[in-house]
Structure formats: structure tokens, C-alpha cells
Amino acid sequence: MTYKLLFVCLGNICRSPSAENIMNHLIQEAGLTDTIICDSAGTSGYHIGAAPDRRMNAAAGKRGIELQGESRKLKPVDLQQFDLILAMDRENYQDILYLDREGKYEAKVRLMCDFATQKTDKEVPDPYYGGQDGFNHVIDLLFDACNGLLDYVVNSEEYQAKT
Ligand code: 4NP
């Protein structure tokens with residue numbers, strides 16, 4: 001059985017694909033590709049089918065990550081199918097829970113920055129309308145949070161029960 005992680009932002013072309021690809025990189029390094037799988041989605045449908053933003057890809061490339069994937073919109077069934085859902089900011093968090101009117105899956109939804117151990121940011125900031133520095137910051141922050149997240153997952157009861 002696999003433990004399933006879903007990363008969510010607004011457009012699914014900047015932050016959440018970066019989180020997905022960085023996490024896959026760390027999972028590969030840790031030799032855990034058979035037990036943890038990652039996906040990402042956007043709360044909006046603005047960019048459905050689009051590849052990751054090229055400014056984001058440039059920032060990721062500096063850290064040895066090539067972004068793969070195409071944008072898709074978050075759907076209600078995702079809340080049922082994934083084990084843990086990571087929101088990049090508070091607005092994403094609210095928009096995810098909006099699909100869960102009964103509050104059945106609330107415990108699965110977390111803010112990505114809760115898992116950062118070095119950086120003190122509370123949210124992964126939306127870099128879309130800013131300069132290249134903002135994209136670089138997103139990558140640094142996501143490396144930190146993904147490392148903490150991997151630690152959290154492998155030590156969780158849910159992961160240990162599944163694997
Ligand atoms: P993301 O960034 O949510 O990190 O993928 C954005 C991408 C597109 C837009 C906003 C944020 N947009 O407004 O089109």
C-alpha cells in the first residue's frame with residue numbers, strides 16, 4: 001500500500017508542482033518511492049493543462065529539480081483519496097475545506113509551512129505577480145518544509161500501518 005500526498009495551491013503551476021517535485025526528489029533520495037506517492041492540484045481552474053511556470057522552473061533548476069506535470073483542478077474526491085493534503089497558504093486551506101462541507105476530512109488538511117523546521121514563514125507566498133526572488137524563496141521554503149514533511153510522514157502511525 002502507498003501513502004498519498006497531495007499539494008495544493010491556487011493555479012497548480014508554481015507552488016504546488018514545486019512541492020510535488022521537490023518531495024519526489026527527497027522520496028527518491030530516501031529510497032521510499034514504493035511507499036509514498038505525490039500529486040498536486042489547484043483550487044482554481046485558471047491554468048488547467050498548463051505546464052509549470054517557467055520562472056518557477058528556473059528557480060527549481062538552480063537546486064537540481066526539473067518541474068514536471070500539468071495543472072489540474074482539485075476535486076472533492078481528492079479529499080477522500082489522499083492521506084494528507086498540504087495547502088500552500090491559508091486561502092488554499094479554506095478553499096480545500098470548502099469542498100468538505102461535513103468536515104469529514106478536516107484532519108487530513110494541513111498548512112505546508114507547519115512542517116518547516118528552519119524557516120519561520122507561516123504560508124508559502126504566491127510568487128506569480130512578483131520577481132524572480134520570490135520564486136527562489138518559494139523553492140528554499142519548500143525544501144525546508146518537504147524535509148520536515150518527509151520526517152513527519154515516515155514516523156506517522158498512518159504511514160506505518162500502510163507499509
Ligand atoms: P500558484 O501561483 O498558485 O502557486 O500556481 C499562481 C498561478 C497563477 C495565478 C496565481 C497564482 N493566477 O492568478 O493566474
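Predicted model: local features only at pLDDT ≥ 70, side-chain atom pairs only at ≥ 80, totals over all residues.
## Ground rules

Helices here are DSSP runs of H or I with at least four residues, strands are runs of E with at least two, and both are numbered from the N terminus.

Residues are numbered from 1 along each chain as its sequence is written, and side-chain values use heavy atoms, leaving out hydrogens and water.

## Helix 1

Start with helix 1, which runs over residues 15-29. Its 15 residues reach 21 Å from the first C-alpha to the last, close to the expected 21 Å (that is 1.5 Å times one less than the number of residues). After the helix comes G31, with a positive phi near 70°.

Helix 1 is largely enclosed by the rest of the structure, because 11 of its 15 residues are buried. Buried means under 20% relative accessible area, exposed means over 50%, and partly exposed is in between, using a 1.4 Å probe and protein chains only. Among the buried ones are R15, P17, I22 and L26. They pack against strand 1 (3-9), strand 2 (36-42), helix 2 (54-61), helix 4 (90-97) and helix 5 (132-154), where contact means heavy atoms within 4.5 Å.

## Around the ligand

Which residues surround the ligand? They are C9, L10, G11, N12, I13, C14, R15, Y46, H47, D126, Y128 and Y129, each with a heavy atom within 4 Å of it.

Now zoom in on some atom pairs. A backbone N or O atom of G11 sits 2.8 Å from a ligand oxygen, and one of N12 sits 3.2 Å from a ligand oxygen. Y129 uses a polar side-chain atom instead, 3.4 Å from an oxygen of the ligand. The protein covers 93% of the 350 Å² of accessible area that the ligand has on its own (Shrake-Rupley method, 1.4 Å probe).

N12 belongs to the loop between strand 1 and helix 1. At 2% relative accessibility, it counts as buried. Most residues other than glycine have a negative phi, yet phi of N12 is positive, near 55°.

Is S71 buried or exposed? Its relative accessibility is 4%, so S71 counts as buried. Leaving aside neighbours within four places in sequence, S71 is in contact with residues including G11, N12 and H47. A polar atom of the S71 side chain lies 3.3 Å from the backbone oxygen of H47.

Definitions and conventions: Polar contact = N/O pair within 3.5 Å; in protein donor to acceptor, adjacent residues only side chain to side chain.
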